[in-house]
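Open the structure in the viewer and keep the selection panel to hand.

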Amino acid sequence: MSSQATAAPTHPNGRLALAALAALGVVFGDIGTSPLYTLKTVLDYTGPHPDPAAVLGALSLILWTLFLITTVKYVNFAMRVDNDGEGGIIALMTLLGVKTHHRPIIISVGLFGAALIYGDGAITPAISVLSALEGVEQIAPGLTAYVLPAATVILLALFAVQPFGTAAIGRAFGPIMLAWFLIIAALGVYGIMQHPAVFVAINPLYGIDYLMRGGLQGFLVLGGVFLCVTGAEALYADMGHFGPGPIRLAWNVVVFPALILNYAGQAAIVLAGAPTEGNIFYRLCPAPLLTPLIVLATIATVIASQSIITGAYSMTRQAIQLGWLPRMTIKQTSEEGYGQIYVGTVNWFLMIVTLGLTIGFGKSDNLAAAYGIAVSATMLMTSVLLFIAMREIWHWPVAAAGAVAALFIIVDGSFFAANMAKVTEGGWVPLLLASIVYGVMWIWHTGATAVQKRVESEVTPLPAFLELLQSGKVARVPGSAVFFTRAKDQTPPVLAWHVRHNRALHETALTLTMTVLSVPRVDEEERLTVEREGDHFWRAEVKLGFMEHPDIPDILASAR
Amino acid sequence: MRGVGIDLDDVTYYVGSETIVPAEDGKGLPRWQEALFAAMGRNAARMSDYLQLPYDQVVEIGREIEI
């Protein structure tokens, strides 16, 4: 068990609840807005008039998928494996593949999983906002033509405001999402009342039976069912910020019950004979309340999209720090709090892809075909890494770790296989994107390693340079200078160049190397080490974690 | 950094600015990958910005590195 998990109960209850409320606004947007399109996509597979066994089977599969993947795999397994409190696939990969010894295969698995997250990060905002707005078709069919332009404008505005940061309005996200969950739960109860027998679907045999008898079509339905858990990886990725306690509380007390009630309500009205064309989620809602619900759903999907964009910035910063992506300009948008950074390159890249997908696919039905492949592949990668963690961190016997991991891998693998069936309909888009991102990561890292080798092969050892300084042939002029170098124990090339060309050196000189460790954060006391190498000549090393942003003047200023 | 004798308002930061040149030697990465890496290096954020150094206290020294 991680240190954070054991520390959580010592929180005063009020603070825990407040942290859980904040987590609602960041962690659960994606998984919480999936009811807008999951059952609808499933019904596309089963046809317009599904028989009751199919509806109950699909509902049973949705409920058990939510339970197995989110509650069991992420909340109870993944969230207990942390890298100094930090979760997510990059932290897990660093923990297993870099920290103790260098293991290229684990690194590749982790990085490809991360690259896939960018692919789906571009689809989630498109499918969520489109499906939220598609509710207007139920109020006024004449407005259908405006859904796509409206979604495009909302998404464009969302990306355009990113440089300003969201700290000012972020405080409202938690309460709004709480309202969303309460309302979808209430709508679910309203639906269930129309056909209470729907609750038999809690029995997993309905789902298994449907899968077994459904043949190929039953299997393909899994591609739709999977959409209910596309946001589950976020619980793990955001663990470092909120701590596992608040995320568990929010999931168990608010999100999971609300999702169960809502999916059951949607299935109940289908069984009670509601028309299945259009968006089944909105059929739950009494007509007079439809307009406010569409507004709330749209806001909820924007909040969900916001956390995906913020998550992409954070993942990018980690990859840059670990040397897997080129340096990009990272802007601090506010002092503290979640989503305090902005990475322009990532923002515009995501904006182009998201808008391209929105306009290219046009409807949430079509986007559903592209959605899911990347997340299911990432989840498969996480399961593989979890198996290694169970073996090496918890020291579980191979049979126990193998049994648990096999369960996860069978579930993830089935979803991945079912999603692969959608590859020609659009699933190739996130796969292509992920391959490009992975290629960029690989080439950048290989190139940077080659540069490092080249730099190290050409430098002079430090003692030879110090001898030159001592000999008095180099004039020392007033002032001080800091020389950055990657060659830690050698003469920095910039220093050698400076002395060769100016035949002089500042009175005080400091060489500085920045090292990024395979932990998320480094303690203040361990951040900077300074050693005296000669007369007014110092050698310093700055150690940073992969979640930290280098601010060299600030670090130097904090030293005495 | 008084212990070291550095006045941070007056210090000069020296940062290397490397221009990557794909070598014709056929070693290392395939040629197109080296070219892509060089392009990424040219478009990456400047090291001095990434380290958040004050603009008017930085000296960048360029050099070519063949890979």
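Helices (H or I, at least four residues) and strands (E, at least two) are DSSP runs numbered from the N terminus, and contact means heavy atoms within 4.5 Å. This is a predicted model, in which local features need pLDDT of at least 70, side-chain atom pairs count only at pLDDT 80 or more, and totals for chains, interfaces and linings use all residues. Residues are numbered from 1 along each chain as its sequence is written, chains are lettered from A and ligands numbered from 1 in the order in which they are written, and side-chain values use heavy atoms, leaving out hydrogens and water.

Now colour the helix itself. Helix α24 of chain A spans residues 493–502, and its buried residues are Val494(A), Leu495(A), His498(A) and Val499(A). Viewed down the axis of α24(A), these buried residues fall within an arc of 130 degrees, so they line one face of the helix. The arc is that of the directions from the helix axis to the C-beta atoms. An α-helix has 3.6 residues a turn, so residues three or four places apart point the same way. Buried means under 20% relative accessible area, exposed over 50% and partly exposed in between (1.4 Å probe, protein chains only).

Step just past the end of α24(A) to Arg503(A), which takes a positive phi of about 50 degrees. Most residues other than glycine have a negative phi.

Select His395(A), in the loop between α20 (373–392) and α21 (398–420) of chain A; it is not a glycine, yet its phi is positive, at about 55 degrees. His395(A) counts as exposed, with 63% relative accessibility. Then go to Gln52(B), in the loop between α2 (47–50) and β2 of chain B. Gln52(B) has a positive phi of about 60 degrees, although it is not a glycine, and counts as partly exposed at 30% relative accessibility.

Return to chain A and pick Ala287(A), in the loop between α16 (280–283) and α17 (290–321). Is Ala287(A) buried or exposed? Ala287(A) is exposed, with a relative accessible area of 63%.

Chain A has 25 helices and 6 strands, and 57% of its 560 residues are buried. The C-alpha atoms fill a box of roughly 95 × 55 × 50 Å along the principal axes. Of the contacts in chain A with a separation of 6 or more, 82% are between residues 24 or more positions apart.

Along the sequence, chain B follows the pattern β-α-α-β. Buried residues make up 42% of its 67 residues. The C-alpha atoms of chain B fill a box of roughly 50 × 20 × 15 Å along the principal axes. Among contacts in chain B between residues at least 6 apart in sequence, 71% join residues at least 24 apart.
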